[in-house]
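Below are my notes on the model you sent, as numbered points. Please read them with the structure open.

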Amino acid sequence: MEQKILKRSIFFAIVTMVVLLIVLTTSTYAWFTSNNLASTGRVEAETGSMDVKLLLSSKGGAEFKGGETADIVQINKIDAEKLIPVSTDDLENFVYQVGSDKDTTYVLDKDGEKYYYGHIYVKAVGDGLPDGAQMAVYLDGSKLDKIANPDKDSLVNNAARLGLRMEGESGVIFLLSDKENDKKDQIRNSYLDKKLLEDGYVIHSDSKGNVSAAKDPAVELKKYSTAASNPKPIAVLDFNKIYELKIWLYVEGCDPDCSESISADASDLYLYFYGAVVE
C-alpha cells in the first residue's frame, strides 16, 4: 500500500533529534583513516498533536519507559572514539581492508569493532484514530540542511554513511551529504581481484567473508523526507507496539572522499523525524 501524508485533522508532526559528533584525528590514507565519535548522543521527540505521540525509550519490552527523550544505547562494545572505514551494502556484514593497491584483501568485521552501532525503542500511541491507521515516519524535509554539520561544510560527511533500520523494515543507508570533496582530495584505492573498483560500488560480503562488488545503496536524505514530492517512509508503525530502531554510523572506505583530507575534520549529526498518520 502506498503511504501518503494526510492533510486532515489526524495530521501531525513528530521531530526526533539524534546528536552524534564525528571527529577524525589521524590517517595514512583512505581505508586507514581513524574516526573519533565523541558522543553517542541523545534522542528527543516533540509532537504537534496531544492526541498522537511517539514515545522513546532506551530500553524495550517490560522496561520500556516512554518519554520525549531517550539516550541512544550503544550495542557493540567498541571504543566509539576509534572507528575505521568499513564497507557494506546491507548493514549486515561489514568488511575492512587489509593491504593496499592490488594486494588488497577484505576481512569480515565479525565483532563490529570498526563502526558505531546503537539503538533506541519507539512506540506510537494515539486516541481517536481510524481503524487500521498506522504511523509513517519520514525525515523532516524542512530541516535537511540542519541534519549533517549545519554550521559548516564537512569533508567527513561526504564519506560517511548513516544506517537506519526500524524493526520489521529492510533498513536504509543514507549519504550524509550530496556534495563531494575536491578532486585533489579524493582517492581511489579499493581493489577487488586486483582490479580497481568502479565508481559507485562498495563491497558486499556474506557471513563467511566471501566478497563481491555491489552498487552503493546509499541514497540522499531528501528521498525519505517530506521535501520529496512522493517521499518514501523510513518505517510504518502499528500503534501501541514497541519497535527497535537500530542506528549505524560509519565511514565508507570505498567512497573516494575517504582520504587524508578528512583527517581532523569534525561534524555534528542531527536527525529530525517527521511522522504522519496513514490509513
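1. Confidence first, since this is a predicted model. In the protein chain, strand β2 (residues 35–39) has the lowest confidence, with a mean of 37, and β16 the highest, at 97. The score here is pLDDT, the predictor's confidence in each residue, from 0 to 100. Residues 1–41 have a pLDDT below 50, although this stretch makes 176 contacts in the model beyond near neighbours in sequence; a contact means heavy atoms within 4.5 Å. Where pLDDT is low, the predicted coordinates should not be read in detail. The chain average is 76, and 72% of the residues score at least 70.

2. On conventions, residues are numbered from 1 along each chain as its sequence is written, and side-chain values use heavy atoms, with hydrogens and water left out. In this predicted model, local features need pLDDT of at least 70 and side-chain atom pairs count only at pLDDT 80 or more, while totals for chains, interfaces and linings use all residues.

3. The protein chain has 20 strands and zero helices. Both are DSSP runs numbered from the N terminus (helices H or I, at least four residues; strands E, at least two). Of contacts between residues at least 6 apart in sequence, 77% join residues at least 24 apart.

4. Buried residues account for 51% of the 279 in the protein chain. Buried means under 20% relative accessible area, exposed over 50%, and partly exposed in between (1.4 Å probe, protein chains only). The chain exposes about 13100 Å², of which carbon and sulfur atoms supply 46%; the areas come from the Shrake-Rupley method with a 1.4 Å probe, and for residues only the protein chains shown count as cover.

5. How many aromatic pairs are there? Rings of Phe, Tyr and Trp (its six-membered ring) pair if their centres lie within 6.5 Å; planes under 30 degrees apart count as stacked, over 60 as edge-to-face and the rest as tilted. By this rule there are four aromatic pairs. One is Tyr117 with Trp248, which is stacked because the ring centres are 4.9 Å apart and the planes lie at 10°. Tyr117 belongs to strand β9 (residues 116–126) and Trp248 to strand β18 (residues 242–251), 131 residues apart, so the pair links distant parts of the chain. Tyr117 is buried at 15% relative accessibility, as is Trp248 at 3%.

6. Phe174 and Tyr224 are edge-to-face, with ring centres 5.5 Å apart and planes at 85°. Phe174 sits in strand β12 (residues 172–175) and Tyr224 in the loop between β16 (211–215) and β17 (235–238), so this pair ties together parts 50 residues apart in sequence. Phe174 is buried at 0% relative accessibility; Tyr224 is buried at 13%. Separately, Phe94, Tyr115 and Tyr250 form one aromatic cluster.

7. Ser57, in strand β4 (residues 52–57), is buried with a relative accessible area of 3%. Its side chain reaches the backbone oxygen of Lys59 at 2.7 Å. Leaving aside neighbours within four places in sequence, Ser57 has contacts that include Phe64, Ala70, Ile120 and Tyr121.

8. Lys146 lies in the loop between β10 (134–139) and β11 (160–166) and is partly exposed, at 41% relative accessible area. Beyond neighbours within four places in sequence, Lys146 contacts Tyr270 and Tyr272.

Terms used: A polar contact is a pair of N or O atoms within 3.5 Å; within protein, one must be able to donate a hydrogen and the other to accept it, and residues adjacent in sequence count only if both atoms are side-chain atoms.
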